[in-house]
Amino acid sequence: MSSVRGEFSSRIGFIMAAAGSAVGLGNIWGFPTQTASNGGAAFVLAYLVLAFCLAYPALMAELIVGRHGQANAVKSLQKISKTKAQKAGAFAVGFGGIICAGLILSFYSIVAGWMMTATLEPVAQVASQDTVANWLSTQSLSRDLVFTAAFILLTVAIISRGIENGIEKWSKRLMPALLTILFALIVYVFMQEGAMKGLKAYLVPDFSLILEPKLLISALGQAFFSLSLGTSVMIIYGSYISKKENIVALGTYVTLIDVFIAFVAGLLIIPAMYVAQELGVQIFSETGQLLSEDTLVFTVLPALFDSMGDIGLFIGFAFFALMTIAALTSSISLLEAPVSYVVEQFGLTRMQATFGMGAIITLVSFTILFNFSSLFGFVIALTTQYGQPLLGLMCCLFVGWLWNRTSLLKEIEQGSPEIGATFFWKIWPWYIKFVCPIAISLVFLSKIIDW
């Protein structure tokens, strides 16, 4: 690998960076919201099954393609392609993933901007800056434009420093901070009245709901979204892994951490909803439908924090600081996908590519903000429910059907010479070739034709 490209300096560096990519608002904002909207514990069970049975094999495919190619997503996929048609398909999948990552970051930055405003509002209140606090707490176009741009600029500042000094360094700092705040908040919420009722709703499933198509497509989309699949991110991160590392073990660690954080985030948000309900906050409609799905954490939790008195300001600050950190660990990976492509394809410096792509994504985010009612939900559905599963499916097809089995084994054996005799190798190649494509297609088709 060229020293110009850079690579992760340690195993823990990669795990923290890849887990940081996976552990973001998809886990702490999206997962609890999806859980509350789709049958509670039934959704949790479906998510766990799909995360390990479909998302993990797809994650391994993307990581292995990246490490083999030692390049951006397009070049890495083209490296395992043989014909012109296959190379054209590789470009479509790789570049499609880059576009998908950019679109996700565009709406992601808007949500992260909301997190930043919610983090700063308690600070303004403590400082007796009532006018500032009111501006921060009231949704407006000017506020959203300022903080969306601020979040993108923060992401750009980290990415511009490269792999070891940017992505890896900050992931090692941010992930432990995220976990510390998360567990501290869980302990507090569990001590409140109503928390045990929420815990029951979260952990005791209604098995009659598990096979509902809406629940399955939501669970699959959540699994792919939280693991950053179908966005070229994990192909890029795979390209920065040393050939000496056991890539199968690394992929397992990342999946376990991602699922663990999502599950733990649910332990915070779902009980907190019921605590808020005990305090008089309306969570569900008369028909049992969750209210304010997209803005759940901005309506339910602030009401909960307000009911706590003065300590609620500090709890609110800690929670939304946690959300901002989670957003940042994912945003740096999403921006890396287009940046790495531009650097390697057009020969720009990392600084030029980072600020250029940051400017383009800012423009897209602003376009969404100016047309919020029509574009925000549309872009989320387009990328997470359609784009990511389809692109993840195509990557599975590339690895399962186009990559020579002997060459594939040789790549995985680097860093894990005994892998050919393991259960993983006996199952995974066939799984990625048949089971993943069929299962993903069936779940996806159920969404299209509304089974």
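Student: What share of the 451 residues counts as buried?
Tutor: This is a predicted model: local features need pLDDT of at least 70, side-chain atom pairs count only at pLDDT 80 or more, and totals for chains, interfaces and linings use all residues. Numbering runs from 1 along each chain as its sequence is written, and side-chain values use heavy atoms, with hydrogens and water left out. Buried means under 20% relative accessible area, exposed over 50%, and partly exposed in between (1.4 Å probe, protein chains only). Of the chain's 451 residues, the buried share is 57%.

Student: How are the rings of Trp401 and Phe434 arranged?
Tutor: Rings of Phe, Tyr and Trp (its six-membered ring) pair if their centres lie within 6.5 Å; planes under 30 degrees apart are stacked, over 60 edge-to-face, the rest tilted. Here the centres are 5.4 Å apart and the planes stand at 80°, so the Trp401 and Phe434 pair is edge-to-face.

Student: Which helices does that pair link?
Tutor: Helices are DSSP runs (H or I, at least four residues), numbered from the N terminus. Trp401 and Phe434 are 33 residues apart, and they sit in H16 (residues 372-402) and H18 (residues 423-448).

Student: What about Phe424 and Trp428: how are their rings arranged?
Tutor: Both residues are buried, and they lie 4 residues apart in helix H18, about one turn. Their centres are 5.4 Å apart with 15° between the planes, and the pair is stacked.

Methods:
Helix = DSSP H or I, 4+ residues; strand = E, 2+ residues; numbered from the N terminus.
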